[in-house]
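Visitor: I would like a walk through this model, one question at a time. Please show me the sequence and the structure.

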Amino acid sequence: MAPENPDVYPILHKGKVYNIITAFDMTFAEVHAMLDWLEERGAFLATPDDEFMGPGKLFTCELPDATFEIDVHGFEVIVCRRSG
């Protein structure tokens, strides 16, 4: 997690509300592109493994201008690291 205290930003995206938890500045375009990227990879779907391993899923999302390390817990998206 970032050294600063993260903020929570509720975001409406394609009819669903997500909580973006981050200490990093992100543009709306980055947030929506990140959510699309995560949706394409099934990040928000519950799987049988979730019962055994817990709900957290780690992803590295590479967008044109930045790369994000993300931990997804249901509809809570924790941005742990930003580079680029």
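Visitor: Leaving aside its neighbours within four places in sequence, which residues is H13 in contact with?
Guide: This is a predicted model, where local features need pLDDT of at least 70, side-chain atom pairs count only at pLDDT 80 or more, and totals for chains, interfaces and linings use all residues. Residues are numbered from 1 along each chain as its sequence is written, and side-chain values use heavy atoms, with hydrogens and water left out. H13 has its place in strand β1; contact means heavy atoms within 4.5 Å. Setting aside neighbours within four places in sequence, H13 is in contact with Y18, H32, L35, D36 and E39.

Visitor: Does H13 count as buried or exposed?
Guide: Buried means under 20% relative accessible area, exposed over 50%, and partly exposed in between, with a 1.4 Å probe and protein chains only. The relative accessibility of H13 is 4%, so H13 counts as buried.

Visitor: What pattern does the chain follow along the sequence?
Guide: Helices (H or I, at least four residues) and strands (E, at least two) are DSSP runs, numbered from the N terminus. The chain has two helices and five strands. Read along the sequence, their pattern is β-β-α-α-β-β-β.

Visitor: How many Å does α1 reach from its first C-alpha to its last?
Guide: Helix α1 covers residues 28–40, which gives 13 residues. The expected span is 1.5 Å times one less than the number of residues. The reach of α1 is close to that expectation, at 18 Å.

Visitor: Which residues of α1 are buried, and what arc do they cover?
Guide: The buried residues of α1 are E30, V31, M34, L35, W37 and L38.

Visitor: Which exposed residues sit on the face of α1 turned away from its buried side?
Guide: The buried side has cover that includes β1 (7–13), β2 (16–22), β3 (56–62), β4 (67–73) and β5 (76–83). The face turned away from that side carries the exposed residues F28, A29 and E40.

Visitor: Which residue of β5 is the bridge partner of E69?
Guide: Two strands pair if DSSP finds at least two bridges between them. β4 and β5 pair in the antiparallel sense over seven bridges. In β5, the partner of E69 is R81.

Visitor: Which residue in the turn between β4 and β5 has a positive phi?
Guide: β4 and β5 form a hairpin. Two residues lie between the strands. The turn residue with a positive phi, about 65°, is G74.

Visitor: Which residue of β5 is the bridge partner of N19?
Guide: β2 and β5 run parallel, joined by three bridges. N19 has its bridge partner in β5, namely E76.

Visitor: Which residues does I70 touch, not counting those up to four places away in sequence?
Guide: I70 has its place in strand β4. I70 counts as buried because its relative accessibility is 2%. Beyond four places in sequence, I70 touches M34, L38, K57, L58, F59, C61, V77 and I78.

Visitor: The side chain of K57 reaches which backbone oxygen?
Guide: K57 has its place in strand β3. At 15% relative accessibility, K57 counts as buried. At 2.4 Å, its side chain reaches the backbone oxygen of L45.

Visitor: How many Å separate the C-alpha atoms of V79 and F24?
Guide: V79 has its place in strand β5. V79 counts as buried, because its relative accessibility is 0%. V79 and F24 are 55 residues apart along the chain, and their C-alpha atoms are separated by 7.8 Å.

Visitor: What is the relative accessible area of K14?
Guide: K14 has its place in the loop between β1 and β2. Its phi is positive, near 50°. Most residues other than glycine have a negative phi. K14 is exposed, with a relative accessible area of 62%.

Visitor: What share of the residues in the chain is buried?
Guide: The chain has 84 residues. Buried residues make up 35%.

Definitions and conventions. A polar contact is a pair of N or O atoms within 3.5 Å; within protein, one must be able to donate a hydrogen and the other to accept it, and residues adjacent in sequence count only if both atoms are side-chain atoms.
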